[in-house]
Amino acid sequence: MKARVEISGIDTSKLPTLTHEEAMELIRRAQSGDKTAHDKFVTANLRLVLSIVQRFYGRKQSVDDIFQVGCVGLIKAMKNFNTDYNLRFSTYAVPMIIGEIRRFLRDSSALRVSRSIRDTAYKALQVRHDIETTSDREASHEEIAACMELPVSAVTYALDAISDPVSLYDPIYHDGDETVMVMDQIADDSCDGERWAANAALGEAMEKLTERERQILLLRFYHGKTQMEVSTEIGISQAQVSRLEKNAIKELQTLIS
């Protein structure tokens with residue numbers, strides 16, 4: 001990232017920084033209703049939101065929209081943060097900001113997940129956060145399920161359901177002009193190299209046929225129609241269909257061999 005970044009009219013290079021003690025004091029005052037402390041604390045933590053927003057670049061949603069949603073997560077974290085614990089605010093806020101952004105992306109996605117499954121997933125995320133905050137380690141699905149008194153399969157299913165979908169065209173590696181996408185890492189057992197080469201050769205050969213010959217072959221062998229049905233559809237006799245079909249097949253055999 002550049003040293004100077006402007007989002008929603010804010011120059012992040014000029015944002016103030018806070019010590020841990022200053023941050024705790026501002027949070028206490030903000031939670032007591034001090035509007036000035038509230039605004040000062042949020043402004044000082046916009047860099048934190050920006051650092052998280054960078055993870056979501058490339059989405060269809062506007063970066064400014066994601067940034068604003070991240071700010072909502074920041075404010076929620078500030079309101080719910082307990083200053084009595086010896087915990088840095090960023091440790092508590094990052095999961096909440098990420099969760100708020102992911103919720104926004106899920107709710108605006110074409111893929112819909114039922115309300116009950118989403119509620120289960122959000123509760124599981126909160127339980128996971130609580131476990132990891134108190135134990136300082138990654139929580140397993142078994143632990144989360146035990147706390148929620150649910151089967152492990154229900155927790156796993158709910159968390160999988162709200163995971164961000166991955167496009168086959170998402171890049172996973174860049175090396176100069178070369179880009180490796182997700183689809184490049186997935187094997188297709190139903191299509192080996194020889195079959196792919198044969199299909200490619202057939203496609204090139206089909207392009208060299210006349211429009212009518214291609215139409216007849218597609219109707220006969222792709223749509224499964226009889227020669228009589230083809231003759232009726234394109235307005236020529238069955239004998240002509242038969243002759244054109246034989247000529248087209250012979251031409252394909254010559255071109256492919």
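Buried means under 20% relative accessible area, exposed means over 50%, and partly exposed lies in between, with a 1.4 Å probe and protein chains only. This is a predicted model, in which local features need pLDDT of at least 70 and side-chain atom pairs count only at pLDDT 80 or more, while totals for chains, interfaces and linings use all residues. Residues are numbered from 1 along each chain as its sequence is written, and side-chain values use heavy atoms, with hydrogens and water left out.

**Stop 1: Gly73**

Select Gly73, which is buried at a relative accessible area of 1%. Gly73 sits in helix H4, residues 63-80; helices (H or I, at least four residues) and strands (E, at least two) are DSSP runs, numbered from the N terminus. Not counting residues up to four places away in sequence, Gly73 touches Met96, Ile97 and Glu100, where contact means heavy atoms within 4.5 Å.

**Stop 2**

Glu100 counts as buried, at 13% relative accessibility, whereas Arg103 is partly exposed at 26%.

**Stop 3: other salt bridges**

The whole structure holds nine salt bridges. Side chains of opposite charge can pair when their charged atoms come close.

Select Asp34 and Arg29, whose closest N and O atoms are 3.3 Å apart in a salt bridge. Asp34 is partly exposed, with a relative accessible area of 26%, and Arg29 is partly exposed as well, with 34%.

Next select Glu245 and Arg220, a salt bridge with its closest N and O atoms 2.7 Å apart. Glu245 lies in helix H12 (residues 238-256) and Arg220 in helix H10 (residues 211-222), so this pair ties together parts that are 25 residues apart in sequence. Glu245 is buried, with a relative accessible area of 7%.

**Stop 4: the largest pocket**

The largest pocket holds about 760 Å³ of space. To find the pocket, select Pro95, Gly99, Arg102, Leu125 and Arg128, which are the closest to its centre of the 27 residues that line it. A pocket here is an open set of points on a 1 Å grid over the protein atoms alone, where a 1.4 Å probe fits, with protein on both sides within 12 Å along at least five of seven lines; lining residues have an atom within 4 Å of a point. Grid points are joined across faces, edges and corners, and the volume is the space filled by probe spheres set on the points.

Which elements give two or more residues to the lining? They are H4, H5, helix H6 (115-135) and helix H8 (152-161). H5 supplies the largest share, 11 residues.

**Stop 5: His129**

Select His129 in helix H6. His129 is buried, with a relative accessible area of 12%. Leaving aside neighbours within four places in sequence, His129 is in contact with Thr91, Tyr92 and Pro95.

Key: A salt bridge is a side-chain nitrogen of Lys or Arg within 4 Å of a carboxyl oxygen of Asp or Glu.
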